Each structure stands twice: as structure tokens, then as C-alpha cells.
Amino acid sequence: MKFVLVDRIGELESGRRIVAYKALSLAEEYLADHFPAFPVLPGVLMLEALVQASAFLAREALSFAPALVLLKEARNVTYKSFVVPGQVLRIESICRRCDTAESEFCASGQVDGREIVRATLTLRHLNLADVDPALADIDQKNRNHWRTLFDRLHAGRLAGTAAAPGA
Amino acid sequence: MRWIWIDRFEEFVPGRRATAIKSVSLAEEYLHDHVPGFPIMPASLLIEGMAQTAGILVGQARQFSEKVILAKIRRAKFYQLVGPGRQVRFKAIIDQLSDAAASTTGQIYCDGELVGEVDLVFSHIDQNLSGLDFPQENFVFTEQFMSLLKLYQGAGAERVRL
Amino acid sequence: MATPTREEILEKVQQTLVDALSVEADEVTENATLTGDLGAESIDFLDIVFRLEKAFNIKIPQEELIPRDILSNAEYVQNRKLNAAGLEALKKAMPHADLSAFEHDPDIDKISDVFTVGTIVNFVQSKLAAQG
């Protein structure tokens with residue numbers, strides 16, 4: 001399984017708000033275990049989707065400077081209902097604070113306008129080179145990776161594709 | 001990817017506490033995306049390891065008669081990163097237990113160091129008028145989870161075995 | 001141990017709701033509704049009950065806070081709304097709550113909306129008094 005829990009970025013207000021989407025498909029293999037009789041998106045993967053969307057918001061606001069953006073703390077992650085295959089989870093994350101080292105968000109997920117999950121998140125921003133200068137190349141690899149993925153997910157554009165005529 | 005985030009119970013005291021361990025391996029696919037060149041177990045999957053440890057503990061406390069669902073992560077805080085070749089230890093304690101719900105506190109360790117703290121609330125969804133649709137049979141406690149308890153060899157194993 | 005004053009109970013209840021709902025302290029006024037103003041969900045009620053039990057060292061059986069047996073009694077409920085007899089029974093079972101708004105639309109699925117911060121404080125106060 002690719003550990004990418006955001007399929008598309010819909011809206012982005014730089015440094016303020018992101019709207020993203022995660023579609024759930026029966027083809028996702030872990031569903032066979034969660035649960036055999038009742039396949040539903042695991043709560044922690046809903047959380048991961050909220051984290052990944054928020055991380056994109058932070059990265060874009062910081063011009064993709066931090067190599068790693070990871071969950072430091074989640075509070076009051078409340079699950080209200082299930083997401084079943086065939087549904088699309090619409091994620092909205094509002095940035096409350098974004099510094100060099102950390103960022104804070106109120107995020108939620110809805111299906112067909114009905115709230116499924118909400119959370120308060122704190123993310124930490126890291127560069128491995130700060131701890132070990134020898135890892136600077138891994139940092140750069142990550143910055144490129146996340147920027148490329150962001151471009152791909154945002155408005156469905158493939159990185160490097162020429163803009164459509166008249167765009 | 002299989003959805004099992006603990007490998008073995010190391011300790012199981014019915015109705016009280018449980019410790020489960022998980023080995024982290026480069027054979028696990030998610031490590032190759034998280035993150036490129038620097039594999040670390042994602043915090044969300046560490047939370048799931050705790051949720052499975054605590055969920056089985058809560059379920060066993062009611063003889064698996066309830067559908068125990070993770071309803072709320074009160075707080076999950078992370079202090080260290082966990083890489084491949086490491087063993088993670090999930091220690092869960094039942095804090096409160098009622099007909100409708102249960103709360104647990106927990107710590108995650110790796111090589112004796114505190115990696116994270118995870119406090120959870122589980123719902124017994126048959127007992128809550130939540131208006132949700134779900135199957136009548138107990139879909140939560142799968143063969144996979146029950147097998148972990150069947151194979152438990154530690155202290156008090158004879159009390160835990162079904 | 002001396003019984004806490006209403007003010008002391010209110011302070012502890014406010015802190016409980018701030019912790020459980022990720023709201024700001026100044027939002028948690030006496031008249032604020034848990035569901036409407038503070039955004040509480042049914043799972044939050046379960047969480048809040050646990051926290052109150054701990055904070056005040058009391059036991060809160062589910063039916064004392066919200067009498068589910070009245071809400072699911074066929075004699076009291078038609079089309080998911082309480083009839084006059086049901087409302088009377090509910091008032092007796094929930095002396096801690098102000099049901100005047102609920103009476104206009106006694107929809108059993110909306111019972112949680114009656115809970116204000118003040119309702120919780122009243123409930124805790126009566127539990128502590130009963131404990132003596």
C-alpha cells in the first residue's frame with residue numbers, strides 16, 4: 001500500500017486553509033482485515049489523511065523548506081461515523097499557527113456534507129541535516145518528493161506537463 | 001498491507017492492563033513512503049498499535065460481547081522517531097469501563113525510551129444510540145485478534161485463553 | 001470533605017469541557033449548549049461523563065444523565081417525539097435540565113441539545129449533595 005492518504009487537493013488558501021479529498025476503494029488491501037464483515041476506513045487512516053492534508057498546507061506556506069513534517073500531537077480526535085468503500089472523504093484543515101518549527105491545525109473530514117471526524121493537530125517540522133549534516137541529501141530528496149507530489153495532487157496536474165493553451 | 005499492528009502480547013492482566021510488542025521491518029511497505037530515504041513508523045500507525053492493544057484489553061474485559069470501536073483519541077503525543085529493526089512496546093491500562101464505553105491510557109516505548117503517550121476512548125456501539133448502521137454480529141474481534149490472545153504465553157495465560 | 005460551592009463546581013466543569021472539546025475557556029459560559037455552542041458529539045458525552053466521574057469522584061449511570069428508558073418507551077413516544085405523558089416523565093427524571101425549549105419540539109433524537117454548561121453543573125451539584 002502506498003502510504004499516501006490524500007488523493008487530490010481541491011482548494012488552497014496559502015497559510016490559511018486547505019481542502020483535500022481521499023477516496024476509499026475496496027481495492028485497498030487493508031480493508032480485508034478492517035473488517036472482513038464490514039470494510040471501513042480505519043480511524044487512524046482518517047487521522048493520517050487529516051495530517052497529510054495539513055502537512056501540505058504547512059509545506060506550501062513555508063515554500064517546502066522543511067524536509068520532514070510529522071505529527072507531534074493530536075488532541076480530541078473524535079470519530080462520528082464510518083467511511084465505506086465508494087465514498088470520498090472531504091478534508092478541510094484550517095491553520096491556526098505556522099512557525100518554522102511547528103504548525104497547528106483544526107481539521108475535519110466529511111462525507112456527503114456529514115462530518116465524520118474532527119481533530120486538533122500539532123505538526124513538527126524537521127531537517128535531518130540539523131542533527132546530522134551527512135543526511136542533507138535525504139532532506140533535499142524529501143523536499144523535491146513532497147513538492148512534486150503536491151503539484152500532482154493539486155488541480156490534478158502532472159509535474160512538468162506544459163500548461164494547456166490559453167490557460 | 002495486513003491490518004495488524006501488534007505482533008504478540010507480552011503481558012495481559014484481564015480487566016487491568018496489557019503490553020504488546022511490534023517489530024518494525026523494512027519488509028513493511030509503508031516505510032518506503034514514510035519518508036523517502038529515512039524510514040520511520042508513522043505516528044498514526046503507532047496510535048493503531050495502541051488502539052489494538054487497548055481494544056483487545058477492553059473487549060476481553062466484557063468477554064468480547066461488545067463491539068468495541070475506537071471513538072476518540074483524547075490525546076496522542078510523540079517524542080521519538082522509530083525506525084526499522086526496532087521493537088516497539090505498547091503498554092495500555094484500562095482507566096474507566098462502563099456499559100457504554102471505556103477509556104484507556106497508554107505509553108509507547110522503544111529500546112526503553114518513551115516514544116509516545118496515547119489516551120483513548122472506546123465506544124460499545126450496540127449500547128449507544130448513535131444511529132449508525134453496522135452488522136449485527138461482532139465484526140470487530142476477528143480471527144487475527146483472537147489468535148493473539150490464544151497464543152499468549154505470559155503470566156496468567158490460562159485465565160486469558162478462551 | 002466539604003461539598004464544593006456551585007462556583008467551584010462550575011470552574012471544574014468548565015475545565016473539563018475545555019479539555020474534552022478543544023474549545024476556549026471564554027466559550028464555556030453557563031448558558032452555552034454542549035451540542036449547539038460547544039460542538040459536542042454523542043461520543044464527547046461519553047468522554048465528558050468519564051471525566052466528570054474522575055474530577056468529582058462520583059458515579060454517573062447513563063440513565064441518570066439522559067433517561068434512555070423513557071425515550072425508548074413506546075407509551076411515551078410517537079413518530080420519534082415525546083407525547084405529553086412522556087414529557088411529564090422526562091421532567092421528573094431530569095430535574096437538572098431546562099426542558100422549556102425542548103417541549104416545543106420534543107424530538108427524542110435531539111435530547112442532547114438541552115444540555116447547557118449550567119445543566120451539567122446542576123447535575124453534579126445534586127449528585128454531590130446526594131452523596132452527602
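Mentor: Gladly! With 10 C-beta neighbours inside 10 Å, Asn57(C) counts as exposed. The rule counts other C-beta atoms, placed from the backbone, within 10 Å of a residue's own: 20 or more is buried, 12 or fewer exposed, and in between partly exposed. One caution: this is a predicted model, where local features need pLDDT of at least 70 and side-chain atom pairs count only at pLDDT 80 or more, while totals for chains, interfaces and linings use all residues. Residues are numbered from 1 along each chain as its sequence is written, and chains are lettered from A and ligands numbered from 1 in the order in which they are written.

Trainee: Where is Asn57(C) found, and what is its phi near?

Mentor: Asn57(C) sits in the loop between helix 2 and helix 3 (62-65) of chain C. Its phi is near 55°, a positive value in a residue other than glycine. Helices (H or I, at least four residues) and strands (E, at least two) are DSSP runs, numbered from the N terminus.

Trainee: Chain A has a residue with positive phi too, Phe64(A). Is Phe64(A) exposed or buried, or something in between?

Mentor: In between! Phe64(A) has 19 other C-beta atoms within 10 Å, so Phe64(A) is partly exposed. Its phi is near 60°, and its place is the loop between helix 1 and strand 3 of chain A.

Trainee: Which residues does a cis peptide bond join in chain A?

Mentor: The backbone torsion to look at is omega. The cis bond joins His34(A) and Phe35(A), with omega about -5°, and Phe35(A) belongs to the loop between strand 2 (17-23) and helix 1 of chain A. In chain B, a cis peptide bond joins His34(B) and Val35(B), with omega about -10°. Val35(B) is in the loop between strand 2 (17-23) and helix 1 of chain B.

Trainee: Now whole chains, please. What pattern does chain A follow along the sequence?

Mentor: Chain A reads β-β-α-β-β-β-β-α, with two helices and six strands. Its radius of gyration is 17 Å, close to the 15 Å that the globule rule gives for 167 residues, so chain A is as compact as a globular protein of that length. The radius is taken over C-alpha atoms, and the rule is 2.2 Å times the number of residues to the power 0.38. The C-alpha trace of chain A spans about 50 × 45 × 30 Å along its principal axes, and 37% of the 167 residues are buried.

Trainee: How many helices and strands does chain C have?

Mentor: Chain C has seven helices and two strands, in the order α-α-α-α-β-β-α-α-α. For its 132 residues a compact globule would have a radius of gyration near 14 Å, and the 15 Å of chain C agrees. Its C-alpha trace spans about 45 × 35 × 25 Å along the principal axes, and 33% of the residues count as buried.

Trainee: How many residues do chain A and chain B give to their contact?

Mentor: Chain A gives 37 residues and chain B gives 36; two residues are in contact if their C-beta atoms, placed from the backbone, lie within 7 Å. On the chain A side, helix 1, strand 3 (68-79) and helix 2 (136-153) each give two or more residues. Strand 3 of chain A gives the most, with eleven residues. By class, that side has 22 nonpolar, seven polar and eight charged residues. Ala, Val, Leu, Ile, Met, Phe, Trp, Tyr, Cys and Pro count as nonpolar, Asp, Glu, Lys and Arg as charged, and the others, Gly among them, as polar.

Trainee: At what angle do helix 1 of chain A and helix 1 of chain B pack?

Mentor: These helices, residues 43-61 in each chain, pack at about 160°, with their axes 9 Å apart. Axes are lines fitted to C-alpha atoms, for helices over the stretch in contact, and angles run from 0 to 180 degrees between N-to-C directions. The two helices are therefore roughly antiparallel (over 145 degrees; under 35 is roughly parallel, 65 to 115 roughly perpendicular, and the rest oblique). Among the residues that meet are Val44(A), Leu45(A) and Val51(A) on one side, and Leu45(B), Ile47(B) and Ala51(B) on the other. The contact's residues divide into seven nonpolar, one polar and two charged.

Trainee: And how many residues of chain C are in contact with chain A?

Mentor: Six residues of chain C touch six of chain A. On the chain C side, helix 1 (6-21) and helix 2 (42-56) are the elements giving two or more residues. That side has three nonpolar, one polar and two charged residues.
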